[in-house]
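Good morning, and thank you for coming. I would like to present one structure today, and I ask you to keep it in view while I speak.

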Amino acid sequence: MSQAFGWVVLAGVFAVELLAMAAAAVWGASYAGTWLAVVAALAVAVVWGLFASPKAPWAPGLVRPVTKVLVFGLAATGLWLSGHEALAVGFAVVVVVVHALASLPLVRALTAEH
């Protein structure tokens with residue numbers, strides 16, 4: 001596999017992180033309108049930045065993986081509860097596939113370099 005493939009996978013990782021924010025906004029909008037959509041998306045961004053991002057200040061031990069499971073799981077659940085069942089399932093599948101690909105040695109080597 002080439003480095004280009006690895007960078008595409010890393011772009012996919014970033015894309016699903018953005019999609020988690022969008023899913024939170026969809027859930028918020030479906031329950032209370034624009035204000036909750038904004039608050040939910042911002043909450044995902046803050047939680048991600050503090051506990052799951054590569055440079056998260058508070059991510060010791062299992063904190064990062066548990067945060068990722070919670071964020072992506074709640075995002076998929078929010079889509080489901082908002083009436084977007086097919087999107088919820090599709091999102092969950094894409095998250096699992098992208099993160100499985102991101103665990104390949106080639107991709108992990110790219111993140112170690114930068």
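Predicted model: local features only at pLDDT ≥ 70, side-chain atom pairs only at ≥ 80, totals over all residues.

Residues are numbered from 1 along each chain as its sequence is written, and side-chain values use heavy atoms, with hydrogens and water left out.

Let us begin with the rings. Rings of Phe, Tyr and Trp (its six-membered ring) pair if their centres lie within 6.5 Å; planes under 30 degrees apart count as stacked, over 60 as edge-to-face and the rest as tilted. By this rule there are four aromatic pairs. In one of them, the ring centres of Phe-51 and Trp-58 are 6.3 Å apart and the planes stand at 35 degrees, so this pair is tilted.

How accessible are these residues, Phe-51 and Trp-58? Buried means under 20% relative accessible area, exposed over 50%, and partly exposed in between, with a 1.4 Å probe and protein chains only. Phe-51, at 29%, is partly exposed, whereas Trp-58, at 52%, is exposed.

Phe-72 and Phe-91 also form a tilted pair, with 6.1 Å from centre to centre and 55 degrees between the planes. Both Phe-72 and Phe-91 are buried. Together with Trp-48, Phe-72 and Phe-91 form one aromatic cluster.
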